[in-house]
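Here is a short report on one protein chain. Keep the sequence and the model side by side while reading.

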Amino acid sequence: MRGRFSEEAMTAAMRQVATVLGVPSEDAQLLQLTNNAVFALPRSGIVIRIARTHRLRDRVTKVVQLAQWFAEVDAPTIRLAPGIEQPIEVGDLVASIWTYVPPRSPAPEVDDLGLVLREFHALGVPPCPIPAWDPVQDARRRLDDAEGLNGHDRDFLVGWCDRLEPKIDALNQRAERKLVHGDAYVGNLLRDSSGQVVMCDFDATCVGPWQVDLAAVAVGEARFGGTGAHRTLAAAYGFDVTSDPSWPHLREARELKMIVAAVPLLTTSMRIGAEFSTRLRCVQKSDHETRWTPFADLSRPPMTARTA
């Protein structure tokens, strides 16, 4: 499907960025095509990450500032490509450039996630401006950027936001505020050249209840299937998020995020549009049996490498 955020448009933008950087793009590999278009350029040792939604482009600046701070404090995170002024604008799109990390064995697992999260949460709050955890406002921004959303679905999602918002506000007021990754699951882990497991993808990083980062695996296991991952994470981290009094609100916020993530992309992929409809109907009908498919699996064949 064509559109302003289509694979064709993103590939053209990637080649523009490569030209600005003065590097070849013939070996470019599309690794991900969801909220970001992520391309590896192995010969140049970089990854180009382009935001696919105009409403969320401000996140790229936040991510760059965060990554600079991560390097200063030696956080367990991926690094920006050195010597490049960032972010880079190409037309009305914006990109960040990262160090390429090829896949290495053994691949990170859920217990690695628990250990890295404990270290991540202990970093403290960075000096650069970081937003508070606000999944409802994030959802509203995505709804504002929707082209292929019908009125009935929009009304349901707006109503869901309206109902959830006061619950999230109350949770934020009583919670211990820490640095939150915002999308903590094994797919956002890499193993670097030294063998250390590091985190990537900081679009959703914020300050808020640290329990948010333990909810993704628990909700993912319930919606995508599988057993044991949540239990392993709880053991590695030392806390079972499903025992937390705030668990129902954390679960609902995560499911909202998992659905609205596709809203700006509905015109770019029929498969993503169909999966979006499946997820939305499951929530509307309180269907907890139908299994969901990750949006990333519907965009491209299995990824050959992992990136920021």
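The model is a predicted one.

**Helix pairs**

Two packed helices are described by the angle between their axes and the distance between the axes. The table gives both values for each pair.

| Helix pair | Axes come within | Crossing angle |
|---|---|---|
| Helix 6 (residues 212-224) and helix 7 (residues 229-237) | 8 Å | roughly 160° |
| Helix 5 (residues 151-174) and helix 9 (residues 270-284) | 12 Å | roughly 55° |

Take helix 6 and helix 7. Their axes cross at roughly 160°. Angles over 145 degrees count as roughly antiparallel, so helix 6 and helix 7 are roughly antiparallel to each other. The crossing of helix 6 with helix 7 is left-handed. On the helix 6 side, the contact uses L214, V217, A218 and E221. Helix 7 answers with A229, H230, L233 and Y237. Sorted by class, this contact of helix 6 with helix 7 holds six nonpolar residues, one polar and one charged.

Now helix 5 and helix 9. Their axes come within 12 Å and cross at roughly 55°. Helix 5 and helix 9 are therefore oblique to each other. Their crossing is left-handed. Helix 5 brings H152, D153, F156, L157 and W160 to the contact. Helix 9 brings F276, L280, R281, V283 and Q284. By class, the contact of helix 5 with helix 9 counts six nonpolar, two polar and two charged residues.

**Two buried strand residues**

A95 sits in strand 5 (residues 93-99). Is A95 buried or exposed? Its relative accessibility is 0%, so A95 counts as buried. Which residues does A95 touch, leaving aside those up to four places away in sequence? They are V17, I48, R49, I50, V60, P87 and I88. A95 and P135 are 40 residues apart in sequence, and their C-alpha atoms are 23 Å apart in space.

Q32 belongs to strand 1 (residues 29-33). Its relative accessibility is 18%. Buried means under 20%, so Q32 counts as buried. The Q32 side chain also makes a polar contact, at 2.8 Å, with the side chain of T34.

**Cis peptide bonds**

The bond joins Q86 and P87, with omega about -5°. P87 lies in the loop between helix 2 (58-73) and strand 4 (88-90). A cis peptide bond also joins S105 and P106, and its omega is about -5°. P106 is in the loop between strand 5 and helix 3 (110-121).

**Positive phi at two aspartates**

D74 is not a glycine, yet its phi is positive, about 55°. Where is D74 placed? D74 is in the loop between helix 2 and strand 4. With a relative accessible area of 58%, D74 is exposed.

D201 is not a glycine either, and has a positive phi of about 65°. D201 lies in the loop between strand 8 (197-199) and strand 9 (206-209). Is D201 buried or exposed? At 12% relative accessibility, D201 counts as buried.

Definitions and conventions
Residues are numbered from 1 along each chain as its sequence is written. This is a predicted model: local features need pLDDT of at least 70, side-chain atom pairs count only at pLDDT 80 or more; totals for chains, interfaces and linings use all residues. Side-chain values use heavy atoms; hydrogens and water are left out. Helices (H or I, at least four residues) and strands (E, at least two) are DSSP runs, numbered from the N terminus. Buried means under 20% relative accessible area, exposed over 50%, partly exposed in between (1.4 Å probe, protein chains only). A polar contact is a pair of N or O atoms within 3.5 Å; within protein, one must be able to donate a hydrogen and the other to accept it, and residues adjacent in sequence count only if both atoms are side-chain atoms. Axes are lines fitted to C-alpha atoms, for helices over the stretch in contact, and angles run from 0 to 180 degrees between N-to-C directions. Angles under 35 degrees count as roughly parallel, over 145 as roughly antiparallel, 65 to 115 as roughly perpendicular and the rest as oblique. A crossing is left-handed if the near helix is turned anticlockwise from the far one by less than a right angle, and right-handed if clockwise. Contact means heavy atoms within 4.5 Å. Ala, Val, Leu, Ile, Met, Phe, Trp, Tyr, Cys and Pro count as nonpolar, Asp, Glu, Lys and Arg as charged, and the others, Gly among them, as polar.
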